[in-house]
Protein chains: 2
Amino acid sequence: MPASRPYHHGDLRAALLRSAERTLREKGAGALSLRELAREAGVSHAAPGRHFRDKQALLDALAMEGYERLDRVLGEAYGAGPDFERRMVAIARAYLGFAVEHPELLELMFTRKHRPDSSAQLGAAVDRTFGALTRLFADAQERGEIVAGDPERIALAAAANLHGLAALIASCALDAEEAVAGLDDHVHLLLHGLKPRPSDAA
Amino acid sequence: MPASRPYHHGDLRAALLRSAERTLREKGAGALSLRELAREAGVSHAAPGRHFRDKQALLDALAMEGYERLDRVLGEAYGAGPDFERRMVAIARAYLGFAVEHPELLELMFTRKHRPDSSAQLGAAVDRTFGALTRLFADAQERGEIVAGDPERIALAAAANLHGLAALIASCALDAEEAVAGLDDHVHLLLHGLKPRPSDAA
DNA sequence: ACATCATTGTAGGCGCTGCCTACATTGAGG
DNA sequence: CCTCAATGTAGGCAGCGCCTACAATGATGT
């Protein structure tokens, strides 16, 4: 007998999350099993139940970590670039980079939830991420870098654009490298619109 | 004994798909069980196996139906409106309408697949939907209604925008009514860009 | 008309899962 | 040092997907 683990694991919750994250990345959310996680952590099959009410609670915790990470990488991009377009490219690159590195996690973060209580927390996380973006646009508006109008609506237009691209990448409907390579042009279209601009000779 | 069902169901495959669609809408993809579907159809628990190799095959079939429906509603919108912006609004309304009416199905259609064979069929379906949109933009380009450039890239910009909005609605991250109400403005931003246009006094 | 045979449904079993309950061990606080 | 909440264990339950062997059916060729 190993006598290694002193009955109490020490930090089972964190160990389960790390293990779950690895499984999520390598085999997808569907292949995630609480019993398997327990086995990997070397505890009994019921032990995870002490830290997560049920499987969905563990997935929700993973999703919350995802939002924190996404906020972090986006936050770093917010300060980038001399002008607005460069900053927007940096933000787009950050979001798409997240989608490329953690496609399964992104999918998990934006999977429809049906439970009211978990939806509340995750909804708040979405609002945080989106709120930061909205403030960025409101600031840019004050500097005259973007059009007037409800900043929340403008932020939504930008967010939908980026999220759409990221979601298409995560779902393998779009080749990641191709999307990243064309990111500059993509952001240009977002900022300048699809209609011809007479002044766009530059 | 009922003597009702003559051993052979008649059209079990279709019955399973209809039943599955209902379950998907009412209880979500996670609650979908082949055995439960068999029970609803009044057949043995192994009968579905004759029509769908496994559970994923049934989900793939549902997703394929989803693409067909989406193509249909988008196709109807392609002919709408006198000018390009109206047509674009009609398309956006169609896509968002689909997302509002069948959020779980949309999620299923864009769920990451790991199996090569099913990915092929579904990938082709995505290409069809996207291809139609690309042709529409190529035509609009010839009429000078939108900017020059690779039509595929321009179509991607528009598709990402719409898909992002639809995905946010489907995942409950965005209120559906709010999004639909602001659709005109949203499309306007897509066409005219986020940067100020001197000529946009109109 | 009838034998043939692929198609479609049945019956039962296997290992796995999530979740439940009762019990054991531990470490911290009164 | 005793108590007790927190944490891990052991076992059980029903449900699941998938598998195999078997039965009923209806189309096909002669």
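**Figure 1. The contact between the two domains of chain A.** In this predicted model, ten residues of domain 1 of chain A are in contact with eight residues of domain 2 of chain A. On the side of domain 1 of chain A that touches domain 2 of chain A, the most residues come from helix 1 (residues 12-27) of chain A, which gives six. Sorted by class, this side of domain 1 of chain A consists of seven nonpolar, one polar and two charged residues. Domain 1 of chain A covers residues 1-52, and domain 2 of chain A covers residues 55-192. Between the C-alpha centres of these two domains of chain A there is a distance of 30 Å.

**Figure 2. The fold of chain A.** The secondary structure of chain A comprises nine helices and zero strands. Along the principal axes, the C-alpha atoms of chain A occupy a box of roughly 75 × 30 × 30 Å. Chain A has 202 residues, of which 33% are buried. When contacts in chain A between residues at least 6 apart in sequence are considered, 63% of them join residues at least 24 apart.

**Figure 3. The contact between chain A and chain B.** Chain B contributes 44 residues to this contact, and chain A contributes 44 residues. On the side of chain B that touches chain A, two or more residues are given by each of helix 5 (103-109), helix 6 (116-142), helix 7 (151-170) and helix 9 (183-192) of chain B. Helix 7 of chain B gives the most to this side, with 13 residues. By class, the side of chain B that touches chain A holds 22 nonpolar, 14 polar and eight charged residues.

**Figure 4. The relation between the two copies.**

**Figure 5. The surroundings of DNA strand D.** There are 21 residues around DNA strand D, and those that come nearest are His9(A), Val43(A), Ser44(A), Ala46(A) and Asp54(B). Helix 2 (residues 34-41) of chain B gives the most to the surface near DNA strand D, namely three residues. This surface near DNA strand D is made up, by class, of nine nonpolar, seven polar and five charged residues.

How values were computed
Residues are numbered from 1 along each chain as its sequence is written. Chains are lettered from A and ligands numbered from 1 in the order in which they are written. This is a predicted model: local features need pLDDT of at least 70, side-chain atom pairs count only at pLDDT 80 or more; totals for chains, interfaces and linings use all residues. A residue is near a molecule or strand if its C-beta atom, placed from the backbone, lies within 6 Å of it. Helices (H or I, at least four residues) and strands (E, at least two) are DSSP runs, numbered from the N terminus. Ala, Val, Leu, Ile, Met, Phe, Trp, Tyr, Cys and Pro count as nonpolar, Asp, Glu, Lys and Arg as charged, and the others, Gly among them, as polar. Two residues are in contact if their C-beta atoms, placed from the backbone, lie within 7 Å. Domain bounds come from an automatic or database domain assignment. A residue is buried if 20 or more other C-beta atoms lie within 10 Å of its own, exposed if 12 or fewer, and partly exposed in between; C-beta atoms are placed from the backbone.
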